[in-house]
Amino acid sequence: MIEESAIVTATEGEFARVETQRASSCGGCEAKSSCGTSALAKVFGNRRTVVKVLNPIGAESGDRVIVGLDESVLTRASFLFYIVPLLSLLAGSILGQSFAELFNLSSTEPLSIVSGLLGLLIGLAWIRRFATRSSKSNAYQAVILRRAGSVHVIDGISKNTL
């Protein structure tokens, strides 16, 4: 399970909107002074992201929570969102090339390019439809796992609480 801390900004029935702080891992790295990634992180800064997640614990606005997403869900979604457009682009191009050769066109490239772009659009439309269906089933939905502990200082001693 991939976990990230967040703050609940709003609740909507069984869902909640949470805000996460996107940060790079450059802070603890020994090579941060000579690394290009560290320089980019400084330029773009830490951005906040608002995400709609399932709220089975009944977290309220202002609560600090831990949000989780199953690794297999992330892997499958990444695979689909990267591979489907690529494969549909290639399939469209190959199909256009074959049709151009079948009809003895003098240049096969224009039809190959157009059909490749058409294949890409079909792949993107399929992904959009897939994402819409998946969002209704909550299969690819992040979920609030628990409330995050906060640190209170009492008489100079810090104590973790839930």
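At 31% relative accessibility, Leu-111 counts as partly exposed, a class that lies between buried, under 20% relative accessible area, and exposed, over 50% (1.4 Å probe, protein chains only). The model is a predicted one, in which local features need pLDDT of at least 70 and side-chain atom pairs count only at pLDDT 80 or more, while totals for chains, interfaces and linings use all residues. Residues are numbered from 1 along each chain as its sequence is written, and side-chain values use heavy atoms, with hydrogens and water left out.

Leu-111 is found in helix H3, residues 109-137, where helices (H or I, at least four residues) and strands (E, at least two) are DSSP runs numbered from the N terminus. Together with Leu-95, Phe-99, Leu-102, Phe-103 and Leu-105, Leu-111 forms a nonpolar surface patch with about 600 Å² of accessible area. Such patches are made of residues with over 30% relative accessible area and no salt bridge, with nonpolar side chains (Val, Leu, Ile, Met, Phe, Trp, Tyr) joined within 5 Å and like charges within 9 Å; a salt bridge is a side-chain nitrogen of Lys or Arg within 4 Å of a carboxyl oxygen of Asp or Glu. Accessible areas come from the Shrake-Rupley method with a 1.4 Å probe, and for residues only the protein chains shown count as cover. Helix H2 (residues 71-102) gives the largest share of the patch, 3 residues.

Ser-112 is also found in helix H3. Its contacts (heavy atoms within 4.5 Å) are with Gly-92, Ser-93, Gly-96 and Gln-97, residues up to four places away in sequence not being counted. Asn-104 has its place in the loop between H2 and H3, and its phi is near 50°, a positive value in a residue other than glycine.

| Residue | Relative accessibility | Class |
|---|---|---|
| Leu-111 | 31% | partly exposed |
| Ser-112 | 12% | buried |
| Asn-104 | 66% | exposed |

For the protein chain, 3 helices and 7 strands are assigned, in the order β-β-α-β-β-α-α-β-β-β from the N terminus on. Buried residues make up 23% of its 162 residues.

The mean pLDDT of the chain, pLDDT being the predictor's confidence in each residue from 0 to 100, is 81, and 75% of the residues reach 70 or more. Confidence is highest in H2, at a mean of 92, and lowest in strand E6 (residues 150-154), at 45. Over residues 151-160 pLDDT stays under 50, and the model has 10 contacts beyond four places in sequence for them.
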